[in-house]
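Hi,

Have a look at it first, then read on with the viewer open.

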Amino acid sequence: MSRLRNLLSLRKRKPQVAPTPSEVVHHENKWSLLRYRARAEGIEWKRPIVMVPSLINRHYVLDLAPDKSMVAYLVSQGHDVYIIDWGTPGREDKYLSLDDIADRYIGRAVRTAARLSGVSQVHLLGYCMGGILTTMYLSRRPEHVASHVAIAAPLRFSDGGILSTWTRSDDFDVHALVDAMGNIPARLLQSSFHMLKPTLGVWKAANVVDRAASEEFLDGFKATEHWGKDNVDFPGEVFRSLIQDLYRDDGIMRETIHLAGKPVRLSNIETPTLIVTFEHDYIVPKESAIVMLEKISSTDQAHIHLNGGHVGAVVSRKAATGLWPELSQWWRDREEHSHVRALA
């Protein structure tokens, strides 16, 4: 009876997303920089973590729900955490460029977090497309970054994945699409991702029925579904660059893409770097992400490969005993070695 009752009440469940208290410490155009409030004991580790999510989805996937929040876990471990909320682009933002986002906006977020936390460098984390942006930024502006974590971030686009195959099709005229629409509608992007795994909806429905007796599972499912449908339009010129310069031209690997007037070169990166990939990630193949470790100059580098998918492995209960503690330990080790831990 509890399973049936829970299924009948599923639509009425209101997910509690983005539960961790935060404040806006910088706002510009549509984007904001959020700082999460420290626990009562205060901040133990001086260098802050600046998180950069994808432009397509809302930032709160990293603060999804109670007990499913990477942000809340890191705050509980004494880390000072900031995240970029990209907001909702308007029609006037169709002319935003990669220079605007990957250089100016991320640069201001990094410098603001460093200033407010009273240090000269931050730990930078990029998730999905956010990892592409942080990598590009780091290759050009390494001076304010103490370490870099890229989670499920593709860098080599000649990988044979489904997205790479689609975007290189002669039938996909990205220039006509951007010229006609300006910003790319969120519904169009969402439909494209659904086509990557057409049976996913059926699998989800069956999983809900099987696990409907668990209130905890249903709360987490509802929060994830809410986030998955809470998409935003994609700035047109950035989308054009993403498709043409990255997917089609493989611009990062071939060093043909530029940021702030100079080529993006992975060999410029000497910063400690951690790459995270997932076994069942059908959006970002492992090979397209770990190539960074072959190209960068840093001698302090590591790779974590975990079971799970592109989103689930980041917000699941397993992440609370696996991924999140490993990330926290990565940053702690680099704090202790550089003698910037806060004094008690």
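Before the strands come up, one working rule: two strands count as paired if DSSP finds at least two bridges between them. Also keep in mind that this is a predicted model, so everything below is computed from it.

**The chain as a whole**

You're looking at 14 helices and ten strands. Of the 344 residues in the chain, 51% are buried. The accessible surface comes to about 15800 Å², and carbon and sulfur atoms account for 50% of that. If you take the contacts between residues at least 6 apart in sequence, 79% of them join residues at least 24 apart.

**The sheet**

Eight strands form an open sheet with mixed pairing, in the order S1-S2-S4-S3-S5-S6-S9-S10. At the edges sit strand S1 (22-28) and strand S10 (301-306), each of which pairs on one side only. On average, neighbouring strands of this sheet are turned by 20° against each other, direction ignored.

Start with S1 and strand S2 (residues 31-36), which pair in the antiparallel sense over six bridges. Glu28 stands opposite Trp31 in S2. The hairpin they form has two residues between the strands, and Asn29 there takes a positive phi near 50°. S2 also pairs with S4, again in the antiparallel sense, this time over four bridges. One place to look is Ser32, whose bridge partner in S4 is Asp85.

How many of the six residues of S2 are buried? Six of the six are, so S2 is largely enclosed by the rest of the structure. In a regular strand the side chains alternate between the two faces of the sheet. You can follow that residue by residue here: Trp31, Leu33 and Arg35 point one way from S2, while Ser32, Leu34 and Tyr36 point the other way. Note that Arg35 is among the buried ones.

Two packed helices are described by the angle between their axes and the distance between the axes. The axes of H3 and H4 come within 9 Å and cross at roughly 80°. Angles of 65 to 115 degrees count as roughly perpendicular, so H3 is roughly perpendicular to H4. On the H3 side, the contact is made by Leu98, Ile101, Ala102, Asp103, Ile106, Gly107 and Val110. H4 contributes Leu133, Thr134, Met136 and Tyr137. By class, the contact has eight nonpolar, two polar and one charged residues.

**A few single residues**

Asp67 has a positive phi of about 70° although it is not a glycine. You'll find Asp67 in the loop between S3 and helix H2 (70-76). Is Asp67 buried or exposed? Its relative accessible area is 65%, so Asp67 is exposed.

Glu255 is also not a glycine, and has a positive phi of about 60°. Its place is in the loop between helix H11 (251-254) and strand S7 (258-259). Glu255 counts as partly exposed, at 32% relative accessibility. Leaving out residues up to four places away in sequence, Glu255 touches Pro263, Val264, Arg265 and Ser267. The C-alpha atoms of Glu255 and Leu266, which are eleven residues apart along the chain, are separated by 8.4 Å.

Last, have a look at Ser328, which sits in helix H14 (residues 323-338). With a relative accessible area of 2%, Ser328 is buried. What does Ser328 touch, not counting residues up to four places away in sequence? The answer is Tyr73, Leu74, Gln77 and His79.

Cheers

Methods: Residues are numbered from 1 along each chain as its sequence is written. Side-chain values use heavy atoms; hydrogens and water are left out. Axes are lines fitted to C-alpha atoms, for helices over the stretch in contact, and angles run from 0 to 180 degrees between N-to-C directions. Buried means under 20% relative accessible area, exposed over 50%, partly exposed in between (1.4 Å probe, protein chains only). Contact means heavy atoms within 4.5 Å. Accessible areas come from the Shrake-Rupley method with a 1.4 Å probe; for residues, only the protein chains shown count as cover. Angles under 35 degrees count as roughly parallel, over 145 as roughly antiparallel, 65 to 115 as roughly perpendicular and the rest as oblique. Ala, Val, Leu, Ile, Met, Phe, Trp, Tyr, Cys and Pro count as nonpolar, Asp, Glu, Lys and Arg as charged, and the others, Gly among them, as polar.
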